[in-house]
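Please examine the sequence and the model shown here before reading on.

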Amino acid sequence: MKKTILLLLIACRGLLCYGQLTIEQCYELARENYPVIARYGLINLSEDYDLSNASKAYLPQFSLSGRATYQTDVTSIPISIEGYDLPSLSKDQYQILAEVSQNIWDGGTTKANKEAIRAQADVDRSQFEVDMYAIRDRINDLFFGILLLDEQIRLTGLYIDDLEISYQLVMSYMANGVANQADVDAVRVEQLSAGQNMTELQTNRHAYVKMLSAFIGYRLEDETELVKPPVAAPPYTGLAIYRPEMDLYDAMERQVETRRLAIRAANMPQFGVFLQGGYGKPGLNMLSDKFKTYALGGVRLSWNFGNYYTRKNNLLKIESGLREVDVQRQTFLFNNSLQQTQLEGQYRKYREIMADDDEIIRMRANIVRASRAKLENGTIAVTDLMRDMISEQNSRVNKALHEIELLQTIYSIKNLTNN
């Protein structure tokens, strides 16, 4: 997988060297560059550390303790023998104790802890994928925004060329006494307005390119060409949804289910062996008031029955947690379905609108040609020609806008289902 990603990134940068960039390459580059990507490796490291710590529960455990006490009374033998002094204990006592214990069976606590660690790591990884997937929408906005600006810049450049032709034509008319200075000014004003529009479009494109560069972690030049995706039918929305949110909800359910293991383990006995070595006064012989070393070993059993009191409520909490996750899943699917319906409507709208765009442009161009002929014959004013030229320019811009909006709608539908 790492080799595949590396080769893909090399290919992406290779295409960038030639000044071209596709939206799919932007997705991959943004994923590798986004700051949160570092957290993915930290999740795996944390899981490994936690699992390693949990496994150490079956390693021998060593403890050391000590105490010094003084008590008001000690055990004594209520017998007196003439001529013989029975030993008695001192009221001050001392003890240093070292113990080594080995867990034989902990009732499944270690297994439950490991499953909980794995489940939490799965949830974190799935949440990471959800966060990364959300970047696609922001990439779409920037990518298609640049494509729209590119088309507007191209059309504005053509419009400026047409205005220059009209300007030269009106200047010749004025030289022949057919037009006046007001007619020249009308064309000149439109030229200045088109120039301002071009400056604004280029400035906006530069800003969009800088933002896209920040996302993908690669400096794009203003000359970088974004490859326009082909206009194709969107994926059928009745297909299964492969959004990372679905994996997240599955991981959350598994995390809730791991609590059953912990509840079961809490109600099981635990077995272990131990070995103690000590030095103190008294030792194991309570009748000897001297410092002694001693040792003892054995088997230890512990069983906490108090957990049975809360077992039923804890199991009910698990069922409640599962229902909560299912509600989140169903809410997501419902909202996703609503978005699909909305986007499908947008797709049909732009398809129907685009069916007439070419015809509108053709007729607007005919009107401009007719207006130029009328201007030559002196039957209309220059302002009438400017109005018709502006209408033709707007129709071309509208077609570009509809096409880009259609493409963005298609990719929005793809992102909704991840198909």
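Leaving aside neighbours within four places in sequence, aspartate 357 is in contact (heavy atoms within 4.5 Å) with Asn398, Lys399 and His402. The model is predicted: local features need pLDDT of at least 70, side-chain atom pairs count only at pLDDT 80 or more, and totals for chains, interfaces and linings use all residues. Residues are numbered from 1 along each chain as its sequence is written, and side-chain values use heavy atoms, with hydrogens and water left out.

Aspartate 357 belongs to helix H8; helices (H or I, at least four residues) and strands (E, at least two) are DSSP runs numbered from the N terminus.

**Salt bridges**

The whole structure holds 21 salt bridges. Three of them are set out below.

| Arginine 125 | Aspartate 122 | 2.8 Å |

Arginine 125 and aspartate 122 both lie in helix H4, 3 residues apart, or about one turn of the helix. Arginine 125 is buried, with a relative accessible area of 16%, whereas aspartate 122 is partly exposed at 25%. In helix H9, arginine 387 and aspartate 384 are likewise 3 residues apart, a separation of about one helical turn. Arginine 387 is partly exposed, with a relative accessible area of 48%, and aspartate 384 is also partly exposed, at 23% relative accessibility. Elsewhere, salt bridges that share partners join Asp250, Glu253, Asp326 and Arg329 into one network. In the remaining pair of the table, glutamate 221 is partly exposed, with a relative accessible area of 40%, and arginine 219 is exposed, with 70%.

**Cavity and pocket**

On a 1 Å grid over the protein atoms alone, a cavity is a set of points where a 1.4 Å probe fits but cannot get out, and a pocket is an open set with protein on both sides within 12 Å along at least five of seven lines; lining residues have an atom within 4 Å of a point. Grid points are joined across faces, edges and corners, and a volume is the space filled by probe spheres set on the points. The count comes to 1 cavity of 30 Å³ or more, and the largest cavity holds about 30 Å³ of space. Its lining divides into 4 nonpolar, 1 polar and 2 charged residues. In these classes, Ala, Val, Leu, Ile, Met, Phe, Trp, Tyr, Cys and Pro count as nonpolar, Asp, Glu, Lys and Arg as charged, and the others, Gly among them, as polar.

The second largest pocket holds about 260 Å³ of space. Two or more residues of its lining come from each of helix H4 (109-133), helix H5 (135-175), helix H8 (308-377) and helix H9 (382-417). H9 gives the most, with 5 residues. There are 16 lining residues, and Asp137, Gln339, Ser412, Asn415 and Leu416 lie nearest the centre of the pocket. By class, the lining has 5 nonpolar, 7 polar and 4 charged residues.

**Two further buried residues and a cis peptide**

Phenylalanine 144 lies in helix H5 and is buried, with a relative accessible area of 1%. Not counting residues up to four places away in sequence, phenylalanine 144 touches Ile23, Pro229, Ile404, Leu407, Gln408 and Tyr411.

Glutamate 99, in strand E3 (residues 92-105), counts as buried at 13% relative accessibility. Its C-alpha atom is separated by 6.9 Å from that of phenylalanine 274, 175 residues apart along the chain. With residues up to four places away in sequence left out, glutamate 99 touches Gln61, Phe62, Ser63, Phe274, Leu275, Gln276 and Arg300.

Most peptide bonds are trans. A cis peptide bond, with omega about 0°, joins lysine 281 and proline 282. Proline 282 lies in the loop between strand E5 (270-281) and strand E6 (292-302).

Definitions and conventions
Salt bridge = Lys/Arg side-chain N within 4 Å of Asp/Glu carboxyl O. Buried < 20%, exposed > 50% of the residue type's maximum accessible area, 1.4 Å probe, protein only.
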